[in-house]
Amino acid sequence: RNTLNKEERKTALIPYTTFCKTFNWGVKFFDFRLMLQKDVVAQRVEDNLRAYLGKQLHFDHKQERTLWIFSQAKRVQDFENLFRNIRIFLWVISICTLLGGIVGVSNMMLVAVKERTQEIGIRKVLGASSREILTMILIEAIGLSLIAGIVGMFAGQGAIYCANLVLDTLDPAKQLIIGHLAFRPYAAVTSLLLLVATGAIAGIIPARRATAIRPIQALNTE
């Protein structure tokens, strides 16, 4: 039962000869179906079947028009290629989004460092080392990315929940091909860690610029 789709579960299967006798068709075969095992190559079976039927029925098996064969494996392969291309496209979009986020966070931290020039200068006068200044800026950049990631994670989970509610409303009997959207915690945690790493990368340039500020020049800055 688990191998049948929703339409096949509503179908009654009877022998072909019984069907022909019931509807007075006579025993004539218009088509037949093959169910292959898991490791069998569908294209090889199709080629062997064409060659065998061509020999038995005396037609050129190399001409595809002489024998029509519908292969479900080809359709599955087309869908796999489609979804693989979609995944590649999503990866490209994700990488571009991460790069844009790195640039955005880095620009924000550069503006913050510029506005806090006097503060950084005072910290250095009071004895703050370059490592402490560097750590402070990096922690702020990581914290900013972490907060944005957590907000985005909860917003995504809420969007998935709302989308599932819409699907339940549109299809109470769950007859649609599209299933419910799933929230994967491990994927969310991985994305969050990746955002933290990009936040650290984005804070490197502002942090180095902050450590290069001289106290005298910083105190004279308005």
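Visitor: Which helix provides the largest share of the lining of the second largest pocket, and how many residues does that share hold?

Guide: In this predicted model, helix 3 (72-115), helix 5 (130-170) and helix 6 each supply at least two residues of the lining of the second largest pocket. Among the contributors to this lining, the largest share comes from helix 6, and the number of its residues there is eight.

Visitor: How much space lies in the second largest pocket, and which residues are the closest to its centre?

Guide: The space in the second largest pocket is about 810 Å³. Its lining comprises 24 residues, and those closest to the centre are S94, A187, A188, T190 and S191.

Visitor: Is T198 buried or exposed, and what is its relative accessible area?

Guide: T198 has its place in helix 6, which spans residues 185-202. The cut-off for a buried residue is under 20% relative accessible area. T198 falls under that cut-off and is therefore buried, with a value of 12%.

Visitor: Which residue has its backbone oxygen 2.6 Å from a polar atom of the side chain of T198?

Guide: Not counting residues up to four places away in sequence, T198 touches L98 and I102. The side chain of T198 also has a polar atom at 2.6 Å from a backbone oxygen, and that oxygen belongs to L195.

Visitor: How far apart in space are V105 and L144, C-alpha to C-alpha?

Guide: V105 lies in helix 3 and is buried, with a relative accessible area of 14%. Leaving out residues up to four places away in sequence, V105 touches A141, L144, S145 and A202. V105 and L144 are 39 residues apart in sequence, while their C-alpha to C-alpha distance is 8.0 Å.

Visitor: How far apart in space are G143 and A200, C-alpha to C-alpha?

Guide: G143 is found in helix 5, and at 24% relative accessibility G143 counts as partly exposed. Between G143 and A200 there are 57 residues of separation in sequence, and in space the C-alpha to C-alpha separation is 9.2 Å.

Visitor: Which residues is N164 in contact with, leaving aside its neighbours within four places in sequence?

Guide: N164 has its place in helix 5. Its relative accessible area is 13%, so N164 is buried. Once neighbours within four places in sequence are left aside, the contacts of N164 are H180 and L181.

Visitor: How many salt bridges does a search of the whole structure find?

Guide: Side chains of opposite charge can pair when their charged atoms come close. The search of the whole structure finds a total of two.

Visitor: Is M35 buried or exposed, and what is its relative accessibility?

Guide: M35 is found in the loop between helix 1 (16-22) and helix 2. M35 and Q72 are 37 residues apart in sequence and 9.9 Å apart in space, C-alpha to C-alpha. The cut-off for an exposed residue is over 50%. M35 therefore counts as exposed, at 84%.

Visitor: What percentage of the contacts in the protein with a separation of 6 or more is accounted for by residues 24 or more positions apart?

Guide: The protein has eight helices and zero strands, and buried residues make up 17% of its 222 residues. Among contacts with a separation of 6 or more, the share from residues 24 or more positions apart is 64%.

How values were computed: Residues are numbered from 1 along each chain as its sequence is written. This is a predicted model: local features need pLDDT of at least 70, side-chain atom pairs count only at pLDDT 80 or more; totals for chains, interfaces and linings use all residues. Side-chain values use heavy atoms; hydrogens and water are left out. Helices (H or I, at least four residues) and strands (E, at least two) are DSSP runs, numbered from the N terminus. Buried means under 20% relative accessible area, exposed over 50%, partly exposed in between (1.4 Å probe, protein chains only). A polar contact is a pair of N or O atoms within 3.5 Å; within protein, one must be able to donate a hydrogen and the other to accept it, and residues adjacent in sequence count only if both atoms are side-chain atoms. Contact means heavy atoms within 4.5 Å. On a 1 Å grid over the protein atoms alone, a cavity is a set of points where a 1.4 Å probe fits but cannot get out, and a pocket is an open set with protein on both sides within 12 Å along at least five of seven lines; lining residues have an atom within 4 Å of a point. Grid points are joined across faces, edges and corners, and a volume is the space filled by probe spheres set on the points. A salt bridge is a side-chain nitrogen of Lys or Arg within 4 Å of a carboxyl oxygen of Asp or Glu.
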